[in-house]
Amino acid sequence: MTGQRLLITGAGGFTGQHAVRLFSAGGSEVIAVLRPQSTAASTLFPEGVKIYVCDLSDRKAVAEMIKQTAPDAVLHLAGKNSVPESWLNPLLYMETNVMATLYLLEAMRSLPSSRILVAGSRLKFKPGVVAGPPHPYSLSKTIEELVSLAWGTLFKQPVLLAEPCNLIGPGPSTGFCSLLAQHIVRSEVQPDEEIPPFKLSSRYALRDFLDVRDAVRAYDYILRKGTNGTIYRIDSGKQRELGEIAEQMLSHSVGPVPMDWGPADAERAISEIAATADKKVHSEASTPEADVSSLGWRPEIGLSQSLMDILNYYRVNGEGRLL
């Protein structure tokens with residue numbers, strides 16, 4: 001996207017920080033959108049990146065932002081993504097993931113040729129295919145996807161969706177690999193303290209992990225080459241057991257790490273059934289879906305490199321820096 005003005009919402013988050021770096025290095029004029037509470041993240045951005053502070057839940061503020069910045073494209077990464085928190089405050093998740101997206105889409109109607117890529121979630125559910133959402137977060141992301149695609153159809157907007165798998169890599173993430181890395185580093189720097197064991201929900205649960213830096217490269221492919229109104233899946237192409245990931249990370253620890261490996265072998269069959277059900281939901285999708293590899297994208301960063309980069313990130317000082 002060389003030479004284009006790109007607005008990135010959620011720029012202070014895990015994926016957002018990497019997206020700002022990649023698109024800035026690629027020659028885009030990047031406008032990083034930060035919440036008023038997250039402006040400290042701007043210190044991590046490359047020189048030349050413009051900062052715009054905006055509360056995306058404020059409709060008028062969003063309209064003013066689009067008027068002032070007039071982006072050629074928008075990468076919408078902002079949102080909330082904690083399943084437990086969504087149970088505690090479901091309305092906040094609807095406001096943040098649904099209404100903020102609608103405010104952005106509505107504001108972008110003034111720029112009918114500007115592309116909008118909305119980052120969706122694999123935790124959505126398919127109305128009519130399954131009984132209902134498993135949690136409020138799933139509901140919010142499902143509605144966000146539906147209204148994004150509908151807005152594109154109703155108002156002839158160039159809207160695209162991306163559905164990444166579990167993203168990992170260096171940076172401020174609350175995902176499984178980052179939480180385990182923090183536990184490992186804590187065990188390394190506090191060997192004499194009694195640290196509670198890290199508990200796996202299931203040793204045999206299957207997940208597809210992809211490096212976040214490969215994911216933001218995929219976003220670039222979608223913005224440049226994607227077909228409007230399409231949902232693009234972003235995968236590594238390989239399901240892995242959580243126990244396998246944990247063992248690989250633990251092999252790089254420099255001392256004992258307390259672990260609780262979770263339920264026994266009976267969990268394996270349940271995990272396989274869940275993975276099959278997920279594939280069935282995608283196969284029955286009515287909205288056009290495609291794999292981003294159809295656009296020429298391929299992952300470049302292997303799992304081992306990702307896991308080592310995560311560990312090194314937290315070994316720097318507990319917060320780390322992007323590698």
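Eight residues, Arg 122, Lys 124, Lys 126, Glu 145, Glu 163, Arg 233, Asp 235 and Glu 289, are joined by salt bridges into a network. The model in which they are found is predicted. In total, the structure holds 20 salt bridges.

Glu 163 counts as buried because its relative accessibility is 0%, and the cut-off for buried is under 20%.

Arg 233 and Glu 289 form another salt bridge, with 3.2 Å between the closest N and O atoms. Here too distant parts of the chain are linked: Arg 233 belongs to strand β10 (residues 231-234) and Glu 289 to strand β13 (residues 289-291), 56 residues apart.

A further salt bridge joins the side chains of Arg 109 and Glu 106, at 3.2 Å from N to O. Arg 109 has a relative accessibility of 37% and so counts as partly exposed. Glu 106, with a relative accessible area of 30%, is also partly exposed.

Asp 214 is another acidic residue to look at, located in helix α7 (residues 212-225). Is Asp 214 buried or exposed? Its relative accessible area is 1%, so Asp 214 is buried. Apart from neighbours within four places in sequence, Asp 214 is in contact with Trp 297, Pro 299, Glu 300 and Ile 301.

How values were computed. Residues are numbered from 1 along each chain as its sequence is written. This is a predicted model: local features need pLDDT of at least 70, side-chain atom pairs count only at pLDDT 80 or more; totals for chains, interfaces and linings use all residues. Side-chain values use heavy atoms; hydrogens and water are left out. Helices (H or I, at least four residues) and strands (E, at least two) are DSSP runs, numbered from the N terminus. Buried means under 20% relative accessible area, exposed over 50%, partly exposed in between (1.4 Å probe, protein chains only). Contact means heavy atoms within 4.5 Å. A salt bridge is a side-chain nitrogen of Lys or Arg within 4 Å of a carboxyl oxygen of Asp or Glu.
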